[in-house]
Protein chains: 2
Amino acid sequence: MQDPFECTPTDHQHCISSALARAESLCRQQQVRLTPMRRRVLELVWQHHRPVGAYALLEQLQQQGRAAPPTVYRALDFLQSQGLIHRLESLNAFIGCAQPHRPHQGQFLICQSCQSLAEITDDGIERAIDAGARTAGFTPSNQMVEIMGTCASCRQQGATDV
Amino acid sequence: MQDPFECTPTDHQHCISSALARAESLCRQQQVRLTPMRRRVLELVWQHHRPVGAYALLEQLQQQGRAAPPTVYRALDFLQSQGLIHRLESLNAFIGCAQPHRPHQGQFLICQSCQSLAEITDDGIERAIDAGARTAGFTPSNQMVEIMGTCASCRQQGATDV
DNA sequence: CTATGTAATGTTATAATGTAACACTACATG
DNA sequence: CATGTAGTGTTACATTATAACATTACATAG
């Protein structure tokens with residue numbers, strides 16, 4: 001398994017371009033339009049490659065012309081509806097989804113030390129949540145799981161010097 | 001198991017007063033001060049008995065004198081630090097915790113139909129999350145689990161008339 | 001009992017996040 | 001070309017949260 005927290009600069013260009021390619025293909029399949037604005041916002045999200053707020057994206061858009069909050073939020077809403085990005089509720093931020101092809105909700109590992117984030121898709125977690133909810137007479141439609149802690153590389157460093 | 005979504009008016013008075021009594025006792029134990037303001041905010045949170053926003057609480061406080069946002073947020077921070085309330089990230093809202101004596105994080109069942117909320121504490125979920133995170137080389141310290149769906153009573157009604 | 005320090009609250013202003021409402025433009029289709 | 005719908009622009013505002021500093025309450029040492 002590739003460490004989801006690691007990404008060299010070279011990888012990173014690849015991350016971005018392959019994410020955009022996947023998005024193009026997925027939107028064609030779904031017959032929805034990945035307009036220039038939507039594509040641009042998705043590109044910016046992937047450039048960060050960590051949770052990024054709507055207003056940070058807005059500032060970047062404003063460096064190349066005018067833009068206002070609704071424009072960003074609309075693009076983000078669209079991207080989210082297509083599963084191309086996830087929203088992190090505990091951070092009010094967004095991140096690109098690496099597996100937009102198969103619908104999922106994902107669980108998020110948020111490193112409190114380096115602010116990096118990894119997405120996992122763990123059937124065991126999803127099943128446990130589903131079972132727990134149903135035991136309480138509740139019919140779940142959607143799960144949000146955000147896990148705060150320390151990523152592997154921060155833990156190694158932190159073991160001595162933090 | 002008592003249905004966490006149900007609470008008659010009579011029960012409700014009992015909910016509030018017993019929550020306050022538990023809070024008093026817990027704060028004495030912890031040697032922290034449940035000041036009148038903090039107590040009042042906790043009481044208001046319990047009066048709602050569903051997720052309530054900081055500004056809704058603020059408005060209520062303002063009906064009995066002046067109050068400003070920092071006052072409410074400080075009280076909420078304190079209550080949260082003592083485990084007396086939980087913050088629901090996906091709703092930007094707060095709710096009283098029914099088991100403040102044993103530290104826990106809880107999982108939240110949010111009914112999208114009636115906006116009620118139930119807290120469960122499911123070891124299976126917590127273990128699955130812990131295991132899933134560790135498999136990814138991540139050391140979790142804290143979990144946020146918010147589950148959207150339909151509560152039992154809404155589902156019964158909704159089966160026919162929604 | 002007063003002095004002193006810390007915790008808690010008051011107060012003002014502002015930051016950060018998000019949306020409503022309406023105008024305009026682009027684009028597909030009849 | 002006419003028309004409708006999706007997408008974007010624009011303005012204004014709503015909602016949520018915090019920074020910074022003043023003041024008050026309260027415990028404890030002297």
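Helix α2 (residues 36–48) of chain A packs against α4(A) at an angle of about 80°, and their axes lie 9 Å apart. Axes here are lines fitted to C-alpha atoms, for helices over the stretch in contact, and angles run from 0 to 180 degrees between N-to-C directions. α2(A) and α4(A) are therefore roughly perpendicular to each other, a term used for angles of 65 to 115 degrees. On the side of α2(A), the contact is made by M37(A), R38(A), V41(A), L42(A) and V45(A). On the side of α4(A), T71(A), A75(A), L76(A), F78(A) and L79(A) take part. Contact means heavy atoms within 4.5 Å. By class, this contact has 8 nonpolar, 1 polar and 1 charged residues. Ala, Val, Leu, Ile, Met, Phe, Trp, Tyr, Cys and Pro count as nonpolar, Asp, Glu, Lys and Arg as charged, and the others, Gly among them, as polar.

The model is predicted: local features need pLDDT of at least 70, side-chain atom pairs count only at pLDDT 80 or more, and totals for chains, interfaces and linings use all residues. Residues are numbered from 1 along each chain as its sequence is written, chains are lettered from A and ligands numbered from 1 in the order in which they are written, and side-chain values use heavy atoms, with hydrogens and water left out.

**Chain A as a whole**

Chain A has 6 helices and 5 strands, in the order α-α-α-α-β-β-β-β-α-β-α along the sequence. Helices (H or I, at least four residues) and strands (E, at least two) are DSSP runs, numbered from the N terminus. The C-alpha atoms of chain A fill a box of roughly 45 × 45 × 30 Å, taken along the principal axes. Of the 162 residues in chain A, 42% are buried, that is, under 20% relative accessible area (1.4 Å probe, protein chains only). Among contacts in chain A with a separation of 6 or more, 51% join residues 24 or more positions apart.

**DNA strand C**

Around DNA strand C there are 17 residues, of which Y55(A), Y73(A), R87(A), T35(B) and R74(B) come nearest. A residue is near a strand if one of its heavy atoms lies within 4 Å of it. Sugar or phosphate holds 40% of the atoms of DNA strand C within 4 Å of the protein, and the rest belong to bases. α4(A) gives the most, with 4 residues. The surface near DNA strand C has 7 nonpolar, 3 polar and 7 charged residues.

**DNA strand D**

DNA strand D is surrounded by 17 residues, and the closest are T35(A), R74(A), Y55(B), Y73(B) and R87(B). Of the atoms of DNA strand D that come within 4 Å of the protein, sugar and phosphate account for 42%. α4(B) gives the most to the surface near DNA strand D, with 4 residues. By class, this surface has 7 nonpolar, 3 polar and 7 charged residues.

| Side chain | DNA atom | Distance |
|---|---|---|
| Y73(A) | phosphate oxygen, DNA strand C | 3.0 Å |
| R87(A) | phosphate oxygen, DNA strand C | 2.5 Å |
| R74(B) | base oxygen, DNA strand C | 2.5 Å |
| T35(A) | phosphate oxygen, DNA strand D | 2.5 Å |
| R38(A) | phosphate oxygen, DNA strand D | 3.0 Å |
| R74(B) | base nitrogen, DNA strand D | 3.3 Å |

Note on methods. A polar contact is a pair of N or O atoms within 3.5 Å; within protein, one must be able to donate a hydrogen and the other to accept it, and residues adjacent in sequence count only if both atoms are side-chain atoms. Angles under 35 degrees count as roughly parallel, over 145 as roughly antiparallel, 65 to 115 as roughly perpendicular and the rest as oblique. Buried means under 20% relative accessible area, exposed over 50%, partly exposed in between (1.4 Å probe, protein chains only).
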